[in-house]
Amino acid sequence: MIGPVQSFFAVTAPGLENSCYRELSAIPGTIGQVEIIPGGVAFKGRLVDMYRTNLDLRTPTRILMRISRFKASNFRQLEKNLAAVAWELHISATTQVKVSVKAIHSRLYHSSAIADRIMQAIDERLGGASREPSAVVQHLFVRVVEDSFVISLDSSGAPLYKRGLKGHGGKAPLRENLAAAALLWAGYTGREPLMDPMCGTGTFSLEAALISSRTPPGWRRDFAFMNWPAFKAPQWGHLKKERSLEIDLRTASPIVASDKDPKACASLLSAVRQYDLARAVSVMEMDFFDLEPGQFSPTPGIVALNPPYGVRLGSNTQARKRYIEIAVKLKRDYQKWRVAVFLPDRGLATHFPAGLKQRKITHGGLGLTLLLGRIGFH
């Protein structure tokens, strides 16, 4: 399992497939056959490449390793194929296993019955009733389409947008992988000023700090593959040592995070100090409408906004009024700045500066529109 090339799949949120494809294609080494397919991006590589993708990629949700493919139209065929899987290569004897099954247009469609057969096959291979599960949990994903089974091992564990930076929460926080994609789409390189003037939990600011300091997004967290029988700690340690030589907070561009909520600012400031990001991120309590970008940057940069929406802004009339006020503020004070702003209603885009491009995004089950471009250029 360690040496041969394996098949992997980077799961992405809708709309992030192309960004993930570009990230994967830019990784040097043995990664190959990168291809966008529904739900994400497929690629080939060895285990060390899987380590690297979990550590380095900013936009996917998780990395799956394909461990078995076969056809089965009845439970007898299913049990025979499952018995042939070398489960001991992928799962330790004490690991708890969680199975998620999705079946489409197949004779075997009862997901719980399929999951039960998989658990039976694993128990028989790894020791059956004598197994004493530990706190370690390994997730298996099973997809069945027209009697064709694909069994995948989750290498990530917690979703990759959980960077290990934020112990603080907020109301409807923006996921880190979507924030990273929005910054990259806006042209953020880490060398220009960034304003995050409705920062909330600070997702834009923290992602920008990682990008500008060349810190891998997975630097401060663990992964499911670290509990695999085939995991090689020295190889992982060598990879992290290589990455540590690239991290440099001294090169981080100015990042200004502000919010009118003192609790949000205090929580973000605590995280910034805890993870030694104060050199990159300045946090202040200030209302967006009182903020003048020229106070903090003599040159235009990028302003990133994820304004509150839904019930947090009251009625639809109140919400529309607030978004119009945001648009007026951007037109007046952020000329020549590049912008990334999320809108809950595409119709609101007509109030914002002309010439901004629109991207349809899904976040937390909601359809959003992301506006991108430079204010005053059209």
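I took a residue as buried when its relative accessible area is under 20% with a 1.4 Å probe. On that cut-off, 51% of the 378 residues of the protein count as buried, and I note here that the model is predicted.

Next I looked up the surface, where the protein exposes about 17,500 Å², with carbon and sulfur atoms supplying 51% of that area.

For the secondary structure, I found nine helices and 14 strands in the protein. I then checked the radius of gyration, which is 23 Å and close to the 21 Å that the globule rule gives for 378 residues, so the protein is as compact as a globular protein of that length. The C-alpha trace spans about 70 × 45 × 35 Å along its principal axes. Turning to contacts between residues at least 6 apart in sequence, I noted that 76% of them join residues at least 24 apart.

How do helix H3 and helix H4 pack, and at what angle? I found that H3, residues 75-83, and H4, residues 111-126, pack at about 35 degrees with their axes 9 Å apart, and that their crossing is right-handed. From H3, the residues I listed in this contact are Phe 75, Leu 78, Glu 79, Leu 82 and Ala 83; from H4, they are Ala 113, Ile 114, Arg 117, Ile 118, Ala 121 and Arg 125. Sorted by class, the contact of H3 with H4 comprises eight nonpolar and three charged residues, with no polar ones.

Technical notes: Residues are numbered from 1 along each chain as its sequence is written. This is a predicted model: local features need pLDDT of at least 70, side-chain atom pairs count only at pLDDT 80 or more; totals for chains, interfaces and linings use all residues. Side-chain values use heavy atoms; hydrogens and water are left out. Axes are lines fitted to C-alpha atoms, for helices over the stretch in contact, and angles run from 0 to 180 degrees between N-to-C directions. Helices (H or I, at least four residues) and strands (E, at least two) are DSSP runs, numbered from the N terminus. A crossing is left-handed if the near helix is turned anticlockwise from the far one by less than a right angle, and right-handed if clockwise. Contact means heavy atoms within 4.5 Å. Ala, Val, Leu, Ile, Met, Phe, Trp, Tyr, Cys and Pro count as nonpolar, Asp, Glu, Lys and Arg as charged, and the others, Gly among them, as polar. The radius of gyration is taken over C-alpha atoms; the globule rule is 2.2 Å times the number of residues to the power 0.38. Buried means under 20% relative accessible area, exposed over 50%, partly exposed in between (1.4 Å probe, protein chains only). Accessible areas come from the Shrake-Rupley method with a 1.4 Å probe; for residues, only the protein chains shown count as cover.
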